[in-house]
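Here are my notes on this one, jotted down as I went through it. Have the model open while you read.

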Amino acid sequence: MSSLPFEQRFQRLRSLFLEKLPAKLASMDRWIDDLSDTDTPLPVLNALYLQLHGLVGTAATFDFAPLSDQSRNIAAALGGLLESKREPTSEAVADLLALLEAFRRQAKAFVNDQAAVGPDSILITPATNYPLEKQAVVYSKDTQFLNRLQGELKDRGFSMKQVDSLTELRSLLRQGQPGGVVLDMDDILDSVDEPVAVPGQSLFLDPVPVVAISSDEDVDSRLRAARLGSTHFLAKPINLFEIVKYMSPWRRRRMGKPYRILVVDDDEILTELYDLILDEAGLQVETLNQPMLLLEKLEVFQPELLVLDLHMGECNGIELAKVIRQYRRFANLPILFLSASQNLGWKLSDNNLFHEDHLIKPVRPSVLVQAVIKRVKRTRSKDRVNDHLRSVLRELENTQFAMNRHAIVSITDVDGRITYVNDKFCTISGFQQNELIGQNHSLVKSDYHPVSFYEGMWRTITQGKVWHGQVKNKHKNGQPYWVAATIIPFLDARGKPYEYVSIRTDITQQKDAEDKTRSMALFAEMNPAPVLRINSDGCVLEANPAAATVLGVKPGQMDRLADLIDGADDIDIASCIATNDQIIISPRIGDRYYHISIQGVADLQVGHVYGTDITEQKLAEVEMRLAKEAAEKANRAKSEFLSGMSHELRTPMNAVLGFSQLLESDPVEPLTEGQLDSVKEIIKAGQHLLELINEVLDLAKVESGKLQLDLEAVALRDVMDESFTLIKTLAQERNITIVPHRQCDEFVVQADRTRLKQILLNLLSNAIKYNQNGGKISFLCESMGEQRLRIGISDTGIGIGPDELKTVFEPFNRLGAEHSGVEGTGIGLVITKRLVEHMGGSVSVESAVGKGTTFWVELEVLARIVDEQADTEVSQSVDVNNYSKQKQSYTLLHVEDTPANLKLIEHMVRRRSDIRLISALDGELGLQLARSEKPDMILLDINLPGMNGYEVLKVLKSQSETAHIPVMAVSANAMQEDVEAGIDAGFVHYLVKPVQFIDFIESIDSVIDLLKQEVS
């Protein structure tokens, strides 16, 4: 900072302005000449406007009012033309040139006048806006106070002018604003010259420090002082230092951290003046005369306030402000605009900058300093408040986070309506947040507590007191849970609750443990069986009354368990306790049997012994074993009897049927017609008896478990066709139509092929027997998902009544058909049911009297086969019976660990005469066969034991002798990402289980085509 007084430095800048003024006017002359010669005057008008507008503010600042006023008038005319944004007419340009010529003459006359006066005279010319003498005006009649104050003001560079009336004060103010004013309100109130307290009629037009002093400091006194325009109010007795401090707010002040101010104006003299004023006030100031370098300056200097001129050559202040606001780090930087424009506030408002401060040039030093300090103070205060709020918010967030991690929190209003719940409340209650907000806690209220419990709770908190207690609540699903609750009422200024904050902790496990402890104690006390606690040496520490009765435990004698229970001496009790192990023995104590469990508890270094009387269970087991042995003996006897009976019956039946057939066909001695009818009846009865023998033997085998089934993949179409062929003649005899359901042809089921045909024949035979002449039999098929299939055989016969349906599967029960003349044994349906169940399926029946009966057989599905007979909509069907390829044979290696899947692929490949199949049950064997057999293609399961499919594929691709073999994947992993992962890994096809026959054949064909292309 310069050592020269402020006044001298100000006058130096004033003289510098006058020195540079001729050059500015010469520049304007050139623009005026250009305006006369150009057809596009708008750019010239804009340049002239900027120079003249700058001259308005600068000339006024240095108190050259005539020059400022002349410049303002011309600038206003230029501004009007520019605002239209259209090229002015020749008449308007001519009028403007006339004004500019007049201004040029007046400006040159002003320069000549100042040159004639000389620089020395300029220095002593008074400046209204920036007074050289710091004058304080004092309205007071207290001589002693005036003398003391004058001394203090003189020491600080002020002169003092004393006035005796408001009239004299007003007259003085009309000559120019002083540096400060002191008003003694006691003297003003005693004055009778004129009213002094008129609202809205302040004595001071510009912001001037006005210190009011008074003996009273009530509201009325302060209001009267404020209406006079006071900026500060001091109560008597007065500290003179306080008055002097307020007199010149723009003078240098002590600051712990100076305010950083950046001033931007393309007028170097003005920026130096603002630097002078703000530096004099103790602020840290940087100036910038090149507006386009503002962003760089902001980054380096980091100002707290930007003082920005509105009109500059390269760009205007509003444009710069908009650019600054585009950067997040400068979005909140306060801006103080300066301009000579009288409508500066409107311009800022029109550009959404109405919240920014602005001052109209010329700006008094005190006004500029006050505006700068006020804005920076406000910003710093806001920053401090924001920092504090952020700090408090962080602490609150951390506290809330910690509380939410541990506690169950809810908030209600005074009526008990829930306004907030945290996540743990939702978790423990089972309700969503939107289900709880606006409701009350009755949603989770259980019926455990009486009404008085909740009344006491509300009575406590409504009185503003904190309530503590344990509450049993209810989950949304009805399950109870316990919480330890603290309810805190939040009170308003009157001490009345306005909301309640509840903080709870889940104590369900604790309550369960308490209940369990009480229950266990009661269990031990009341248990009729022995309950003991022992130490690692096997000595009894505690025993219930039953232990004393049953085992003879004597309190306080430390009986050993081994002496009380047989077999306990073989137990390593110390090890059992140390490892938390459980050991169970079943000794006999007296005439009773007990189940004794010894459970080690390492944490307590004890073992818990629980005894259960199992005497009745033991006796029941003995009886059950004897009954089982008797049943097995009877079953063996039945089987032996049936086997022997079968042999004994078949021997004479062989003779009966044999000789009857000889008689029937004897050509030498033919029978008479009557005799022939009798022989046919004998043969018919014999065959029926033989059928009965076979069915009885089948039933015996099924019930004894000796019937062996060979479960495999069976194509349902083949079995159906064979069954229809065998039963067709019998149906034709009664003119019964059989309608097959060709959809069943698609399925491959798991069954014993022979027994499945026996089941279908039995059901078809019954449907014919109990049908009406000319009736119909329908073959039905219903898919029960991908894994199950229902096969139905429906007739149009007499039907079965509801009561008879209950006994339809009882052996030898023909449901009254034995009187109908229809032959039967009554055990066919029993055998059918047992066979289906042995295949993993089930049988059911539906019937209506007079409408018919439907029997359903449900079996497991292994696959579906679609061909042109089963699905005529398949565009590329495969004739599997006549299929052949040009090559004689291709070798397919199938790697699969499930036998059923191996058998399924084997059956599918049988229909391809050009495919030779070899199989491997795991990946290791598959790799060996791939190297030794050199297959043309490989079908590889993904989920294999040991090496999985991906690992096997990796090895195949890494070895030269197998790397070229196309590999198809087969897997139950059917998600799209699984398929994509398989293709990415190198599989040429990815088949999803259950494998569809058409997909399998098409994949084989695709690989064969690929192999042919490689050969060609």
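1. How many nonpolar, polar and charged residues are in the lining of the second largest cavity? By class, that lining has 3 nonpolar, 4 polar and 2 charged residues. Keep in mind throughout that this is a predicted model.

2. Now for who those residues are. The lining of the second largest cavity is made up of His53, Gly54, Asp309, Leu310, His311, Leu338, Ser339, Ala340 and Lys361. Two elements, α2 (42-61) and β9 (335-339), each give two or more residues to it. The space inside comes to about 50 Å³, and the structure holds 2 cavities of 30 Å³ or more.

3. Stepping back to the whole chain: you are looking at 33 helices and 33 strands. Of the 1016 residues in the protein chain, 43% are buried. Take the contacts between residues at least 6 apart in sequence, and 63% of them join residues at least 24 apart.

4. The sheet I'd turn to next is an open one of 5 strands, with antiparallel pairing and the order β12-β11-β15-β14-β13. Its edge strands are β12 (418-421) and β13 (467-474), each of which pairs on one side only. From one strand to the next, the twist averages 25°. As a reminder, strands of a sheet pair through backbone hydrogen bonds, either parallel or antiparallel.

5. Within that sheet, have a look at β14 (residues 480-491) and β15 (residues 497-506). These two strands pair in the antiparallel sense over 9 bridges.

6. Helix α18 (residues 451-462) lies across β13, β14 and β15. Relative to β13, helix α18 runs at about 140°.

7. Last, a single residue worth a click: Glu746. Where does Glu746 sit? Its place is in the loop between β23 (737-739) and β24 (747-751). Is Glu746 buried or exposed? Glu746 counts as buried because its relative accessibility is 10%, and the cut-off for buried is under 20%.

Technical notes
Residues numbered from 1 in each chain as written. Predicted model: local features only at pLDDT ≥ 70, side-chain atom pairs only at ≥ 80, totals over all residues. Heavy atoms only, no water. 1 Å grid on protein atoms, 1.4 Å probe; cavity = no way out; pocket = protein on both sides within 12 Å on 5 of 7 lines; lining within 4 Å. Points joined across faces, edges and corners; volume = space filled by probe spheres on them. Helix = DSSP H or I, 4+ residues; strand = E, 2+ residues; numbered from the N terminus. Nonpolar A, V, L, I, M, F, W, Y, C, P; charged D, E, K, R; others polar. Pairing = 2+ DSSP bridges. Axes fitted to C-alpha atoms, helices over the stretch in contact; angles between N-to-C directions. Contact = heavy atoms within 4.5 Å. Buried < 20%, exposed > 50% of the residue type's maximum accessible area, 1.4 Å probe, protein only.
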